[in-house]
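Subject: Structure for you to look at

Hello,

I am passing on the structure we talked about. Please open it alongside this message and follow the residue names as you read.

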Amino acid sequence: MNYLMEILPSLLAGLKMTLGVFFLTIIGSVPLGIIVSLGMKSPYFTIRWIINGYIWIMRGTPLLLQLIFVYYGLGMIGITFPRFEAAVIAFIINYAAYLAEIFRGGLQSMPRGQYDAAKVLGFNKFQTFFKIILPQVIKIIVPSFGNEVINLVKDTSLVYVIGLGDILRAGNIAASRDVTLLPYLLVGLIYLLMTAIVTVALRRSEKRLNIWR
Amino acid sequence: MNYLMEILPSLLAGLKMTLGVFFLTIIGSVPLGIIVSLGMKSPYFTIRWIINGYIWIMRGTPLLLQLIFVYYGLGMIGITFPRFEAAVIAFIINYAAYLAEIFRGGLQSMPRGQYDAAKVLGFNKFQTFFKIILPQVIKIIVPSFGNEVINLVKDTSLVYVIGLGDILRAGNIAASRDVTLLPYLLVGLIYLLMTAIVTVALRRSEKRLNIWR
Amino acid sequence: MLEIKKLTKKYDTNTIFRDLNLTVNDGEVLSIVGPSGIGKTTLIKILAGLETANSGHIMLNGDELPVDGTRFDAKVGLIFQDFNLFPQYTVIENITLAPINVRKTDKVVARQQANNILTTLGMLDKADLYPYQLSGGQKQRVAIARALAMNPQILAYDEPTSGLDEVATKQVGDIVQTLKGQGVTQLIITHDQTFAEMVSDRVFDFATEVQR
Amino acid sequence: MLEIKKLTKKYDTNTIFRDLNLTVNDGEVLSIVGPSGIGKTTLIKILAGLETANSGHIMLNGDELPVDGTRFDAKVGLIFQDFNLFPQYTVIENITLAPINVRKTDKVVARQQANNILTTLGMLDKADLYPYQLSGGQKQRVAIARALAMNPQILAYDEPTSGLDEVATKQVGDIVQTLKGQGVTQLIITHDQTFAEMVSDRVFDFATEVQR
Amino acid sequence: NENSKKTSQNNQTTSQVDEWNRIKKTKQITIGLDDTFVPMGFRDKNGKLIGFDVDLANAVFKTMGITVKWQPIDWSMKETELNTGNIDAIWNGYTKTAAREKQVAFSETYHNATQVLVTLKKNNINHFTDMKDKVLGDQTASSGDEGFSKYPKVLKQYVKDQKVVGYDTFDKAFNDLNAGRIDGLLIDEDYARYYVAHQPNPKNYTITVGDFPVDQTGVGFRKSDNGLRRAVNKTLAAFKADGRMNEIEDKWFSK
Ligand SMILES: Nc1ncnc2c1ncn2[C@@H]1O[C@H](COP(=O)(O)OP(=O)(O)OP(=O)(O)O)[C@@H](O)[C@H]1O
Ligand SMILES: Nc1ncnc2c1ncn2[C@@H]1O[C@H](COP(=O)(O)OP(=O)(O)OP(=O)(O)O)[C@@H](O)[C@H]1O
Ligand SMILES: [Mg+2]
Ligand SMILES: [Mg+2]
């Protein structure tokens, strides 16, 4: 117990990094994901083709390699980002691909009648999407979205590869220094806490969406 | 090029492990996920409570820690599994939690009228689920399901933590032995290939489901 | 014999009906009429076990059917106002799915019966279409056919002629007569006065015969 | 004036109608009748730009409206056979959403107008319910109110009286008369002969006046 | 901050230009380390970097009036970090190998260690030959792992199936050793001492030295940074000569 208290400060310092990457990724990847999912329905073959390629690459290669690519790879050809910014950029473009697929699934399950009704009432595409379709899509996708958000909580630990110190790395340091698995336990508890917060927040929003059917 | 040919055999040996974990996990976690998602609608508070706890723990802790727990942790208290079996068990119970949330989202978006119609026609709960509801749920969740399958392709690399040699580990070994990032490139291409196969297979099944709306 | 005794239904504090009493004899055809939103659909949903009632009793041939949502007997066939067809099955599959899986009817026999019903309703050529490919009146007729295929002893129709032209309405009327001949108890919610007069033995008027 | 010339529609190889010609004058009320599944809904969906036609022309006051699915003008108001209400909005929100967002009507004004329409249809007390809480006839009336709130110059009704009792049918009839007085061109698909005779200037019979 | 920006802006030119001039001018050098690497470079409970290499490097550059900026990196990325200019040196228990020498220029060897076998005392394994048909563990891609394959006569020929179980970290390997899942652990002697010392009962373990060649540890520099390398070599030699090296060694490797 005493020991855990001792290592807690260093873990919390790592937590700051974790949360920074987490929130910036959510803020960036949700709108990007929506745009990408709409792009997949584009009438232009080229756009669909590019987007499918993008999603394929993003989902098809480990996020770890993408982080390496954005930081070291682009660095080699002269496009340099600071470590933190590189991490956030890599996370956003990666997560947008996963979210886009989820949004696409939600969009597909919308009955055509909703689009028809919006059209005859004169809504433009933008209004149709944000006023009519999106609220219904959100209701359907909240649980899948939750999966990705929770994956993100944990994926943040990958930033170690470009030299950023997140909470898991802080745990690693303590564990190898003190030759004990206890720090992992504490890191695990902190992850659990974060996941609990995310889960409860999403369940709440699901409940709020349940006043209509 | 020559160098890539040289390391290819060791990578392919790793690939076997990757594919083994992948397929066994799919086979185990889909039915388990369905059962869990149904359990979340159970009228018994205790069952719902247990299931929510299970999902929370599974999503809330890194799969890496779960692997460590199943293999080393349970090992300490005398429950020992061989490495491969431990990996597959950990993957199945982890992925079932994610899939359960996806199924739950799909179930939620089913209109009540479908259940009503099934009930007045005398279908029992089992038939209602498998004949009426599930086919419609599948159609909605294919894209989100695809996200998880593709995550699985890549998560298989975590088996290194319990000493199993998958394709990424084979790449790691080659990379640090020969001080080059080239093996990662090859590993990346193989992952891309697997993802492409999964993506195309799922898009095909989506198309097939699109004859009805 | 179907007896409904002192049935009360509320949505929150909004009482839809109170102490509703109604008896329908075997083979009788009862029309249920009344203005929109008065509770007709709600009544037959309770009867079919799809909605709970707040209090009251439903007796079928002397046996009590619970009204608290715990029923799973499918004793009452129901044609929904909004059809509720299964989108993933074709017309013929929608009709034969329950006979094959619930009644364990032989597939060939079930198909033959379904074809007969579709012929009676002038829908044989639509057998292989999916619900989204049907017009409103065609969906209505598939919904009727699907309920008929289970040969229920009590059959409740919710606006069966909405969306139907004269010819199709006449076909439905003929079906009601045939089933009546077979002793099926039928409850028909309808706004179509002509149709109600044509087919029914008795009219139950929600506006005058029900307390709120 | 609305002119439809040589309009042809096929689903795959199945010709729904061929070389359909129809002219409707401003302020005219036209009933469209014909057996179920003959293509009435299809016609007004093409008119509203929701379906493509295979060939033909639609002219509104001399301007051509494309029939290839590239229209985004909302020149034709439409009341759908299956309502297509927005499930996430209450009755009053369903009605005011388009006036506020598309016509940029002031919120208070839009609500007042919506309340007036709901009063005319006897639905004022349902203003704050969600669509899933409505009966069939109530949904029908919300669908009508939603289309009316946009004051369209051409309004097409698809079975507007299905699910409605006599009183509500009369209310809809009154609305048709009022709009006619305002010069609105109205197309009404209906199986209700009495209603058709009551409201319409002319009847277009799909069964006899259309080629297939 | 100012310095890291500068180093990264110099990316393209690093292979030609000797960065020693910049380092002398700014009085700051960026050194990459894996901060989980006991006892060479790791963090104490307050998050402060400590360890043999940390003390040594700090002391070496202090004599030149240069402060060290320690940049934590992922170990598998170390050469990339160096050659893209993110760091100026790898100084963290960096063993010399032929492959690494193709990528980086090493300083003179400043530390020697060999690969040893750690076993449980109760199993009575006192020579490599005692590992006959026993299960061996090591760290994936470590120097020990390479030596294991490269010199099959030394140990590989004895162990069960001629295979080794690889772990990502030694703490997990120790765990399995204690649980009896492996009978021996092939590990660098510096780590071996550190880990054994930190086990609940260090007396329970045997450390066996065998015939693996000695690993030479050096500092890794970019091949173009000759000035820097010469300066470090000179100071290291001085440290060895006047006993400052011994002082630091005693602090971290006291046996
Ligand atoms: N889930 C619900 N929550 C609250 N109120 C409801 C709900 N379902 C129905 N109602 C209300 O119950 C009343 C009766 O509805 P019901 O569908 O039984 O009417 P109906 O007689 O079938 O009308 P119609 O002829 O228009 O179909 C309506 O006023 C409706 O608003
Ligand atoms: N998406 C589709 N694919 C194939 N056929 C279709 C499709 N939609 C409609 N049809 C066919 O087109 C024909 C006309 O349909 P429509 O809905 O226009 O009929 P309707 O005259 O409105 O009938 P009702 O009075 O029953 O509503 C029907 O026979 C229907 O099966
Ligand atoms: Mg009703
Ligand atoms: Mg129609």
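This is a predicted model: local features need pLDDT of at least 70, side-chain atom pairs count only at pLDDT 80 or more; totals for chains, interfaces and linings use all residues.

Chain A

Chain A has eight helices and zero strands. Read from the N terminus, its elements run α-α-α-α-α-α-α-α. The C-alpha trace of chain A spans about 70 × 50 × 20 Å along its principal axes. Of its 213 residues, 61% count as buried.

An unreviewed UniProt entry carries the annotation "domain: ABC transmembrane type-1" for residues 15-202 of chain A. That span is 82% helix and 0% strand, and its end C-alpha atoms lie 21 Å apart.

A residue in chain B

Look next at B:Thr25, which sits in helix H1 (residues 2-39) of chain B. Is B:Thr25 buried or exposed? Its relative accessible area is 0%, so B:Thr25 is buried. B:Thr25 and B:Ile93 are 68 residues apart in sequence, while their C-alpha atoms are 8.7 Å apart in space.

Ligand 1

Ligand 1 is surrounded by 20 residues, and the closest are C:Gly37, C:Thr41, C:Thr42, D:Ser135 and D:Gly137. Because the surrounding residues come from chains C and D, the site is shared between chains. The shell around ligand 1 divides into four nonpolar, 13 polar and three charged residues.

Several polar atoms of the protein lie by oxygen atoms of ligand 1. For C:Ser36, a polar side-chain atom is 2.8 Å from an oxygen atom of ligand 1. For C:His191, an N or O atom in the side chain is 3.3 Å from an oxygen atom of the ligand. D:Gln133 takes part through its backbone, with a polar atom 2.9 Å from an oxygen atom of ligand 1. Taken alone, ligand 1 exposes 640 Å², and the protein buries 91% of that. The elements giving two or more residues to this shell are H1 of chain C and helix H4 (136-148) of chain D.

Ligand 2

Which residues are closest to ligand 2? They are C:Ser135, C:Gly137, D:Gly37, D:Thr41 and D:Thr42, out of 20 that surround it. This site is also shared between chains, since residues from chains C and D surround ligand 2. The shell around ligand 2 holds four nonpolar, 13 polar and three charged residues.

A backbone N or O atom of C:Gly136 lies 3.2 Å from an oxygen atom of ligand 2. Side chains take part as well: a polar atom of C:Gln138 is 3.1 Å from a ligand oxygen, and one of D:Thr42 is 2.5 Å from a ligand oxygen. On its own ligand 2 has 640 Å² of accessible area, of which the protein covers 91%. Helix H4 (136-148) of chain C and H1 of chain D are the elements that give two or more residues to this shell.

The magnesium ions

The magnesium ion that is ligand 3 has C:Thr41 (OG1) and C:Gln81 (OE1) as its protein donors, 1.9 to 2.3 Å away. C:Thr41 lies in helix H1 (residues 40-47) and C:Gln81 in the loop between strand S6 (76-79) and helix H2 (91-101) of chain C, so the pair ties together parts 40 residues apart in sequence. C:Gln81 is partly exposed, with a relative accessible area of 21%.

The magnesium ion that is ligand 4 is coordinated by D:Thr41 (OG1) and D:Gln81 (OE1), at 1.9 to 2.3 Å. D:Thr41 lies in helix H1 (residues 40-47) of chain D, and D:Gln81 in the loop between strand S6 (76-79) and helix H2 (91-101), so this pair ties together parts that are 40 residues apart in sequence. D:Thr41 counts as partly exposed, at 22% relative accessibility.

Regards

Definitions and conventions: Residues are numbered from 1 along each chain as its sequence is written. Chains are lettered from A and ligands numbered from 1 in the order in which they are written. Side-chain values use heavy atoms; hydrogens and water are left out. Donors are N, O and S atoms within 2.8 Å of the metal (3.2 Å for Na, K and Ca); water is not among the atoms, so sites may look incomplete. Helices (H or I, at least four residues) and strands (E, at least two) are DSSP runs, numbered from the N terminus. Buried means under 20% relative accessible area, exposed over 50%, partly exposed in between (1.4 Å probe, protein chains only). UniProt positions are given in the numbering used here, feature names are shortened, and annotations may be inferred rather than shown by experiment. A residue is near a molecule or strand if one of its heavy atoms lies within 4 Å of it. A polar contact is a pair of N or O atoms within 3.5 Å; within protein, one must be able to donate a hydrogen and the other to accept it, and residues adjacent in sequence count only if both atoms are side-chain atoms. Accessible areas come from the Shrake-Rupley method with a 1.4 Å probe; for residues, only the protein chains shown count as cover. Ala, Val, Leu, Ile, Met, Phe, Trp, Tyr, Cys and Pro count as nonpolar, Asp, Glu, Lys and Arg as charged, and the others, Gly among them, as polar.
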